Amino acid sequence: MRPHAGAALSRRRFLSLSAGGAAAGAATLSGCAMQVSGAVSGSGETVTVMAKADDLSVDLIKQAQKDIGVKINTVLYSTSKLIAMMTNGNPPDLVRGVGAVDAPYFAARGVMEDLDPYFAKSGVLKVDDLDPVNDLWRYDGRTQGRGPRYGMAKDFSQDSMFWYNTGLFDEADVEYPPELEPVTYEEWLDKAKRLTRRKNGQTTVFGGSYNGVGTPSLLASLTVAAGGNLFTDDYSRVDFTAPEARKALGWYIDYCRTKVGPSIIQPDPNTWDGPTFQANRLGMSNSGYWLGGLINADKKLAPLSRLAPAPYFEGGRRVSPCQAGTGFWIPSKSHHKDAAWRVFEWFFGEAPAKARASGGWGIPTLKSLRPLMPAQEDYQKRVLRVQEDELKHYSVIAFTPYASADSLLALFNQIAPAAMNGQMSVDALARRLNSAMNEQLKRGKEQVG
Amino acid sequence: MTVDQIPSVVERGGPASAAGRVPSRPRTSIATRRHRAFYMFASPWIIGFVLLTIAPMAYALWLSFTTFDGISPNWHYVGFGNYRELFSDAQTWQSLGRTGLFAITSVPLSIVAGLGLAVLVNRPLKARGLFRTLLYLPAVVPPVGAGIAFKQLFDQNSGAANGVLNIFGIDALGWLADPYARYVLIMSVLWTAGNIMIISLAGLQDVPRELLEAARIDGASAWRSFRSITVPLLSPVLLFQTVTGVIASVQTIMPLLLAPDPTPAGITALPQSNYLYMMHVFAEYFAFGRYGYASALLWVLFVLILVATGLIFKATSGVVFYNVDPEAKK
């Protein structure tokens, strides 16, 4: 019997109407999910951002709400928390990441959203305007630096460059490095030894610190500078016994063994170079342009500090890669991709990006923002001249997708101290690293499939 | 109010129901009401225990039979593969050996230190309360804060410890590297001896004064009284401290807090002497992403702790003195 108008709904009819409504709702929602944002979509939504405390200040979060109408909830960055959130199907909408090592790792596991359609429609982030460093966030299923974009760097530095303190060079009567021409790694180490001062078993002045952003990407960069590649062509193995990788490894172990700077056998309690450099206790710091943010703020230190090009190995290549390219990516299972993209656009292309560019804590990742880099003082102009020249030598050094940088670093830390303390030869270390790291890479390759 | 004092259903019904004017529900026995009351009061703990202990343990047990790494799509079941690998992993055995050595060293030292402090502050001293507070204070410092303080104190190039050595013309030592790192770790454990002091102090105040006075009248020395009266009466407290101390030392994460780089990748840079079993577990979970293998390591540790606890109870069954009031049994 057909129910007449105004009659109470039967249970069966109620259920069928509900099912229809749910289906229509689901279709609408999925349509929304597939839609790529315009400039104002995402307004009024809440976006969860997994970041470190200094990535997004409270003021910046308030500014986001004011500028784009998106409320930001932050979750402190932690890999284990990220895995937990992704496992329970409720990932953050934007996640901090180190493009140089995280992009291939997460992209190969299919958890990152392909952002090419978003870039194609964006009025703020134009592909032509993107600095080549953003290629660190590309991965084509085999090689980093090609294929779809999965994220973007917030700013960057060429992390094989180094700063030096002219005051300490003068005190030790050590000649300055040339302004635009690189020194060799051997010359760098020789200067570091001559700059080091020790008293009563304590180091009062460290000659130089050279640890890169993380040892695995440092070793990959050093190997390329020596003329080779740390990873095999398919990125499934490392070979430290190859002459170029052996040369790079040998140099780094020499650096650690001579104790001219911090390393895992002589850790810096500050865990980074800034405070030691600022205290005039570090002759050279292997930090890129970003350390200028700290140096520019110290009126005594700034005139004494200079930036130098990335060293090279005799007979190798002059390369000056970025070992970090820290930025954000959107998980493929994010529930608020449009709103996340709106925050992404705002963070990388609008007011926060402009503020970062003029702060000196890194090179902007949009070419159009480069004129904002600090260049008021003479020392800033000198730094900028060196930096602009160095950009010519930038290249992406692809990292393996089969192991996290943390896992390779942990293996290095486990095995290498014996060599640094002189209890193991570099050749034996190279063989042991090959064995341990290749086992880890093999497991990762099986997991990725 | 005790459970026995909870009013019965009939009593709570009031005089009307007692008079039979309202149909009464079936009478509930006292035993059933006691059971209900017990479960009602215990249920928050039971629910918490099931959700936060049993469920994670069961999940970890399941993970221990897989190659799960938290993120990769192709993880699979490997049966006892992780357990087999564990027995051939040199790091597992070496870290377990170091952990055993650490427990054997640190537990007796901290008990002796805590008991010694308790005996001192149990004496009639001036400002006794102040001393008790000062000695207990380090135990309430959060371990993270203590770890940072220890790292700064023992840093080779800027630490106060080497500053003191330099005053005496002694060259600076690398305290946070081998072979000294293990001593710094033990010092960090002794730093919290105030916890043991407080429990021992409570035990000492429970020792009947008349026994000590009788011993003194009989001519026993202070040491003899302590050895023959105080220690036996404190033995349940000492057993408790031994068992909890062993469990805590096996599970300690203090080396992580003393690590120059307390991150998943940095943990493996710890001096070998401080690379204890839990550090190995931490590295396998968070540096190598081997959730399955690390879960197997934790399950083995759980079984080992159970065995160790059983052995301690067995070994001490003849020497622990329980002061039971014979009247209470009647």
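Begin with chain B coloured by domain: the assignment, whose bounds come from an automatic or database domain assignment, gives domain 1 (3–63) and domain 2 (90–322). The C-alpha centres of domain 1 of chain B and domain 2 of chain B lie 41 Å apart.

This is a predicted model, in which local features need pLDDT of at least 70 and side-chain atom pairs count only at pLDDT 80 or more, while totals for chains, interfaces and linings use all residues. Residues are numbered from 1 along each chain as its sequence is written, and chains are lettered from A and ligands numbered from 1 in the order in which they are written.

Next, select residues 277–287 and 291–316 of chain B, which are helices H14 and H15; helices here are DSSP runs (H or I, at least four residues) and strands likewise (E, at least two), numbered from the N terminus. The axes of H14(B) and H15(B) come within 8 Å and cross at roughly 155°, where axes are lines fitted to C-alpha atoms, for helices over the stretch in contact, and angles run from 0 to 180 degrees between N-to-C directions. That crossing makes H14(B) roughly antiparallel to H15(B), a term used for angles over 145 degrees.

Show the side chains of B:Tyr277, B:His280, B:Val281, B:Glu284 and B:Tyr285 in H14(B), which meet residues of H15(B) including B:Tyr291, B:Leu297 and B:Leu301; contact means that C-beta atoms, placed from the backbone, lie within 7 Å. By class, this contact of H14(B) with H15(B) has nine nonpolar, one polar and one charged residues, with Ala, Val, Leu, Ile, Met, Phe, Trp, Tyr, Cys and Pro counted as nonpolar, Asp, Glu, Lys and Arg as charged, and the others, Gly among them, as polar.

Now bring both chains into view: their contact takes 29 residues from chain A and 31 residues from chain B. On the side of chain A that touches chain B, the largest share, six residues, comes from H15(A), and the residues of that side divide into 10 nonpolar, 16 polar and three charged.

Moving into chain A, select the open sheet of five strands in the order S9-S10-S11-S8-S12, whose pairing is mixed; strands pair if DSSP finds at least two bridges between them. Strand S9 (197–199) and strand S12 (305–308) stand at the edges, each with a single partner strand, so one side of each is left without a neighbour in the sheet. Three bridges join S9(A) to S10(A), which run antiparallel, and A:Lys199 stands opposite A:Gln202 in S10(A).

Terms used: Parallel < 35°, antiparallel > 145°, perpendicular 65-115°, else oblique. Contact = placed C-beta atoms within 7 Å.
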